[in-house]
Structures are given as C-alpha cells and as structure tokens.
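Biologist: Please take me through the aromatic pairs in this model, one close look at a time. Then show me what lies around them.

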Amino acid sequence: MKSLKSRMHTILPDMLPVVPTMDVVVFPHQIVPLLVLDERIIRGINSALNEESKFVLLLASKKQSSTHEQGVIGTKDLFKVGTVATIMRVIKIPDGGIKILVQGISRAYVHDIITEKDILKADLEPFMYDDDAKTIEVMAQIKNIKDMAEHISVSGHALSPDFHIILSKMTDPEKIADFILSHLVIRVDKAQKMLEARSHRDLLEGLYEELSKEFEVSEMQETIKIRARESMNKSQKEYYLREQLRAIKKELGEDETDEIDKMRLKADELPLAEEVRVEVNRQLNRLEKTSPDSMEAAVTRCHLEWILSLPWGKETVDNLDIERAKTILDEEHYGLKEIKERILDFISIRQLKNDGHSPILCFAGPPGTGKTSLGKSIAASLGRNFFRISLGGVKDEAEIRGHRRTYVGAMPGRFIQGIRKAGSMNPVIIIDELDKIGADFRGDPSAAMLEVLDPHQNKTFYDNYLGVSFDLSQVIFIATANMVESISDPLRDRMEIIHLSGYTLEEKIHIAHKYLVKKSLEDTGLITHPILFTSELISDIIVGYTRESGVRELGRLIKKLCSKMARALVESNRLIEITSETIELYLGPRKYIKMDTYDENQVGISNGLAWTAYGGEMIKVEAVIMPGKGKLILTGSLGSVMRESAQAALSYARAHAAEFNIREEMFKKYDLHIHVPGGGIPKDGPSAGVTLLSSILSALTGRAINASFAMTGELNLRGMVMPIGGVKEKILAAKRNHVPHVILPHKNKNDLIGFEDITQGIDVIWVNHAQEVLNCVLLPAEEKKN
C-alpha cells in the first residue's frame with residue numbers, strides 16, 4: 001500500500017482544475033456525487049476528462065450554501081487543504097450544469113489558485129501525515145475509537161452492528177479514519193480541521209471527539225425513550241409516539257405552539273366580527289393552557305377549526321343579466337311563469353339596490369313538478385353557489401341550531417354545515433320537504449326555523465355549537481313543500497308562498513319532447529341513434545300509465561322504453577319501433593283505462609273533485625236509500641269535517657224536500673247510506689258539500705246524475721256554494737279523466753287569473769247556489785242514460 005501511495009504522489013501533477021464543494025468535505029477514499037453549475041468549473045472538469053488520470057482538486061468553501069451561491073464563491077473563500085479526486089462518472093443536466101461522481105485519492109496543499117485559459121486551477125503539493133502510525137499513542141487511540149464505536153453500535157441508533165465488525169478488523173489509521181468519516185455527518189469546519197491534521201494522532205483525536213458526541217446523542221435518545229416509556233400505563237400505549245415526541249420537545253425546551261400560532265394567524269387574516277374575534281381569541285388562550293392530549297383540547301380545537309373554516313366575508317358576485325337568467329330558466333324548466341317572474345324581479349331590484357334582503361320563497365305543489373331542480377336553476381342564473389338541505393323526518397331541534405359542545409360528537413346545525421360546504425356567505429339553499437318536518441321530546445325544529453327564515457333575525461343567527469352569531473341574511477332560502485297546510489302558521493307567515501299546480505296533458509307532452517326524451521336517450525346511450533317519440537305515443541303513455549300532476553313517473557316510463565330499445569340494439573343489432581299498438585309489449589297492460597261509469601248517468605252516483613298532496617283527484621260519491629228508521633250511514637274512511645258536510649247536505653235536502661217532490665216519510669222510514677270508494681284512503685275536507693248533496697237528492701228523487709259533470713264546493717245550510725282550495729289541481733284532475741264540464745264556486749273565479757290556459761278544452765261553470773248545481777246535474781226522472 002505504501003508503494004502504491006508513493007507512486008501516486010510521484011505522478012501527481014503540480015497544477016489541477018479546482019472544484020469547490022459546498023457544505024461537504026471530501027476525504028480520501030470517499031465516493032461523493034457533486035452538482036456543478038459554474039461554467040469555469042465545468043471547463044476545468046472537461047479538461048481533466050481529457051487527461052488519462054482524470055484528476056481534480058476538491059476544495060471546501062468556508063461559507064455555507066445558505067449565504068452564498070456556487071457561482072459567487074471567491075478564491076479567498078476556499079480552504080488551503082483539499083482532496084485530490086478522480087472523476088468516475090459525468091451526467092449532464094437540463095439546466096446547463098453537470099453532475100459528477102468523484103472518489104477521493106489523497107490530500108493536497110494549495111500554494112496558489114489561478115485562472116488559466118478561463119479555467120480555475122490550483123498550484124499544489126501532496127499533504128502527507130507525520131510518520132507516527134505505529135506509535136503507542138496512536139495504537140491506544142485506535143483501541144479507544146473501536147471501543148466507542150462498539151458502544152454506539154450496541155445502542156443501535158447511529159451505527160449498525162456490521163460497522164463495528166468491519167472496523168475491528170482494520171489497523172491502518174488512515175483507513176480507519178476514512179471508514180468512520182464516511183458514516184458520520186460532521187460540520188464543515190470540524191471535518192476540514194481533521195482533513196488538515198498533520199499527524200495520525202491529531203486525526204484520531206478529532207475522530208474520537210466526534211464519536212463521543214455521537215455516543216452522547218445515542219445515550220440521550222435512549223434516556224428520552226426510557227422516560228417516555230416509564231410515564232405511560234396500559235391505557236396509554238396507543239399514545240407512545242406522541243409521548244415520545246413530547247419528551248423530545250421537553251428536552252429541547254420547545255412548546256407545542258405551531259398549530260395554535262397558525263390558528264391565531266388565520267383568525268387575524270379573516271374579516272371576523274368583533275364578537276367572533278373575542279370568542280376565538282378566548283378559545284385560543286384556553287387551548288394554550290390545556291394539555292394537548294386531553295379531551296377538552298380536542299373539543300376546543302375542533303370548535304376553532306369549524307369557526308375558522310367558515311367563509312367569513314366571502315361572497316359570490318351576482319350575475320344580474322336578466323336576459324341570461326331568462327334563458328337559463330326557460331332552458332331547464334317549462335312553464336312556471338310566476339316563479340320565473342319573481343326571480344327576475346329580484347334581479348331587477350339588485351341592479352337598483354345592492355343591500356336589500358334576499359327573498360325567502362316556498363314552492364308548494366305536488367311531487368314531480370320541478371320544485372327542487374328549479375332551485376338549482378335559480379342558483380345557476382344568479383351565478384351563486386348551491387346547497388340542498390332535506391328536512392323530511394327531522395325531529396331534533398339541534399339539526400337546525402346545532403348541538404352544544406358539551407355533548408360527545410357535537411356538530412353545528414345543517415345550515416352552518418351547508419354554508420361551509422357552499423363556500424360563500426350568499427349561496428342559494430334549498431330547504432326540501434319543509435312540510436314533513438317533525439317534533440318530539442328533543443324539541444320542535446319548525447320553531448327553530450323561525451329564526452332562520454326571518455329576514456330581520458337571521459342576520460344574527462345563533463348556532464349552539466359555534467357559540468357566536470352568524471349572518472344568514474344574504475342567503476336566498478327556497479323551501480319546498482307538498483302541503484303548506486301542515487306548516488305552522490308563524491313559519492308560513494315568514495315565507496313568500498308560490499303554488500305550483502300540476503301540468504296539463506299538452507304541457508306534459510311538451511316537457512317530454514324538450515327534456516325527458518333527450519335525458520333518457522343520454523342515460524341509455526342512444527342519443528346518437530334515430531329514435532322518435534311521437535306526440536301520440538307520449539300522450540298514450542300519459543293517459544294509460546300515469547295519474548300524476550308532475551312528470552316523474554312519465555320520465556321513468558320513457559327511460560324504461562329507451563332501455564328496451566338499448567337491449568334490442570345490443571342483442572339483435574336493430575332498433576325496435578314503439579307505437580301505441582305495441583306499447584303494451586314493453587310497459588305491460590295499461591294501468592288506467594277510460595272508465596265507462598264516467599259516461600253513464602246513474603242514480604245516486606256523482607263525480608267529485610278532491611285535492612291531495614300529490615295533485616287533484618276525481619272521486620265517486622255513491623248514495624242509496626233502503627228501508628230503515630231514517631239513519632244516515634257514512635262509509636269510506638271519511639273524516640269528521642266530511643261527515644259534517646254530509647249531515648249539512650242532508651239537512652238542506654230535508655228542508656227543501658217539497659221543492660224536489662220528496663215525501664217526508666222518505667226521511668223517517670228509509671236509511672240513507674253514503675259511500676266514497678277507496679276505503680283504505682282517509683278522506684276529509686268541506687269541498688265535497690255540493691257533490692254529497694247531488695248524490696243525496698238523486699237517491700231520494702230517483703233522478704240520474706249527468707256523468708259528464710264533475711263538481712266541488714262547500715255547502716252551507718242556506719244552499720250557498722262556498723269557495724274551496726286547489727282549484728287548478730281539481731280542473732287538471734277533471735281533464736285527466738276526460739270530464740268535459742266542471743262546476744266550481746263563483747268565488748274562486750279569481751284563482752284562475754293568469755292561468756286561463758288550464759281551462760282550455762274544458763267547460764267551467766261558475767255557481768253561487770246549490771240550485772244552480774242541481775239544475776245542471778240532475779236529469780229529468782225519465783232520463784236515465786245518455
């Protein structure tokens with residue numbers, strides 16, 4: 001080995017290209033990758049590659065990379081002692097620099113650094129150790145180093161057990177030094193001092209000092225582990241890593257304040273109200289004094305995260321282009337003129353006044369009429385974010401106001417959660433199924449909704465979980481309901497209720513052509529195929545398979561037909577044609593067949609019109625007389641109000657018996673039985689008064705009732721026909737059942753202003769008195785059938 005070194009020193013050139021190194025000192029025999037960006041250094045490396053030896057001189061910089069870039073290092077910043085290395089590999093990188101892999105050969109002393117042909121070179125000579133490798137002092141130092149390395153290896157922290165095994169077989173001081181230095185991370189100044197050591201003794205002393213520090217670090221790590229382990233009991237084993245981290249921070253004198261500082265910084269950046277800012281600071285101060293592993297700290301931290309995650313001060317800019325809003329609303333929904341007008345009114349007001357209250361609307365109508373989807377279109381037309389909250393079946397007041405933080409798993413109410421998900425202070429929030437909200441021992445959610453939907457109160461809405469006021473006044477609330485009657489009066493009073501009636505046959509056909517067919521073809525992958533749904537086919541589906549005010553079932557049936565077409569296309573590679581004649585092959589037998597009884601004039605049977613949450617319905621009222629004692633028998637699941645209507649109708653008939661040539665004994669020796677078919681369905685309400693009277697007088701007089709008439713209206717004892725509700729839905733029900741004439745109270749005439757198109761194709765007769773009804777529907781005694 002000695003002869004090899006001597007040969008190497010004899011062939012070592014006097015001048016070599018210089019490669020400065022940052023934050024690293026390369027020792028002989030070490031293999032190190034280096035990144036080079038300076039053009040002068042790269043030219044020097046290229047000149048070294050042209051030589052057979054490929055030698056360069058590695059000189060460490062006195063200054064760190066954090067204060068100086070490689071390109072601005074001066075020659076005075078380089079140490080005088082460096083390492084001669086050979087270039088093993090060169091890789092070019094895209095930025096114009098290169099990566100080199102070098103291996104240290106020997107130490108060298110620099111006399112001077114010059115620039116020759118724009119290449120940084122150094123005038124050098126070999127830097128040799130004193131000849132003390134075999135002295136007793138050096139041998140003793142080697143033994144101490146090996147013992148220290150064994151202790152460190154046994155602890156298993158910094159050095160592996162194999163390290164000690166390999167080291168124990170070495171005897172040469174330089175090899176021992178090079179081997180140990182390749183496994184330690186040493187500061188540049190300390191490493192340079194060892195590189196400049198004149199003797200093996202000085203080198204080994206520096207090594208022993210670094211190993212001693214490494215041993216102290218290993219001992220401290222073990223002490224921290226033992227201390228953390230002793231502080232835990234069986235129930236705290238899962239927190240082992242957290243306890244260890246705490247023990248480490250305790251030794252370093254650090255506090256766990258980073259997370260709290262970030263929260264405090266975020267709170268300072270948000271435009272919080274003064275009340276909210278005071279509460280946040282109070283909770284942050286409280287969190288600082290609480291143990292981070294306690295339950296209280298977790299609750300407080302979660303509470304602060306919720307407050308800071310809300311979109312304080314963030315609002316989307318409303319798009320106030322009325323023409324654009326019209327286009328969006330008309331493209332996605334057909335009809336619904338009143339609702340569209342209300343939204344356009346709001347946009348117009350916003351153009352004139354920016355700080356007004358947002359509208360609080362309630363869309364009331366049967367299912368399938370587009371109430372919920374209309375809310376999405378409104379949000380799109382305004383350019384606002386959208387969020388939907390369903391309150392159907394909600395019985396807990398905490399769902400609205402949030403839970404108090406003392407409860408396990410407490411969370412804010414649904415409205416605060418919705419604001420957070422929407423990401424703005426002024427979204428459009430759809431409150432679905434408001435009429436189906438419940439109440440039990442946990443509170444009344446509808447009472448909690450009073451504050452949410454009151455424009456004078458929701459500016460300071462209080463959520464129990466947040467514990468601070470939150471501004472909901474910029475939110476556009478749109479509630480949906482099937483029956484507004486089931487909503488409490490105070491809550492109804494806070495909303496602008498807009499009623500949606502069902503669709504006529506013509507409207508359903510139009511909606512099917514414009515929306516439903518296209519959507520079904522897209523959903524079934526047939527949008528590119530020539531498929532035609534004729535108006536006749538759609539009309540046949542509506543009449544024969546649906547009895548709904550909306551178009552939800554119609555959409556399902558059209559999609560079912562498209563699914564049948566898709567299956568035929570896949571199985572037999574052909575498109576089937578569906579017509580009114582073949583429709584039963586795919587949808588089954590028609591569910592609703594035109595009933596002959598509607599065209600047959602019968603005694604005691606009249607056509608009534610009823611309103612339900614699902615739209616208007618046509619019902620039959622049947623009356624028969626039989627020998628008895630003058631009793632009134634009512635069947636068909638009738639409610640108390642409808643029973644009273646039947647009694648009032650009978651009293652009117654008895655009081656005016658002479659006008660209809662009814663003998664008095666008919667009320668004493670005969671029982672009157674009134675039945676409304678559909679006994680499994682509860683029925684109630686006063687609007688069947690004229691229908692009950694018609695059936696009663698028909699049964700008592702034996703005169704048939706004209707089946708081409710359907711009627712509705714409340715009756716008082718004087719025979720006056722009183723106004724009723726659900727006029728539009730009842731007219732649509734008559735049209736669905738192909739009844740050409742409808743009798744309605746005259747006092748309801750104003751209900752159809754603006755909805756004249758509903759009455760197209762049907763004759764509406766307005767009446768004030770029961771006698772007008774009877775004149776229309778009671779046929780002469782000899783006329784039984786059409």
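Modeller: Start with two rings. Phe415 and Phe477 are both buried. This is a predicted model. A search of the whole structure finds 3 aromatic pairs. One of them joins Trp312 and Phe470. Trp312 sits in the loop between helix H11 (295–309) and helix H12 (322–332). Phe470 belongs to strand S11 (residues 469–470). Trp312 has a relative accessible area of 8%, so it counts as buried. Phe470 has a value of 1% and is buried too.

Now return to Phe415 and Phe477. Their centres are 5.9 Å apart and their planes stand at 70°, so this pair is also edge-to-face. Phe415 lies in helix H16 and Phe477 in strand S12, so the pair ties together parts that are 62 residues apart in sequence.

Helix H16 and strand S12 meet another element. The buried residues of helix H17 pack against both, and also against helix H15, strand S9, strand S10 and helix H18. H17 spans residues 445–452 and is mostly covered, with 6 of its 8 residues buried. Those residues are Pro445, Ser446, Ala448, Met449, Glu451 and Val452.

Rings also meet charges here. The charged end of Arg420 sits over the ring of Trp306, 4.0 Å from its centre. Lys62 lies over the face of Phe79, at 5.9 Å from the ring centre.

Notes
Residues numbered from 1 in each chain as written. Predicted model: local features only at pLDDT ≥ 70, side-chain atom pairs only at ≥ 80, totals over all residues. Heavy atoms only, no water. Buried < 20%, exposed > 50% of the residue type's maximum accessible area, 1.4 Å probe, protein only. Helix = DSSP H or I, 4+ residues; strand = E, 2+ residues; numbered from the N terminus. Contact = heavy atoms within 4.5 Å. Phe/Tyr/Trp six-rings, centres within 6.5 Å; stacked < 30°, edge-to-face > 60°. Lys NZ or Arg CZ within 6 Å of the ring centre and 35° of its normal.
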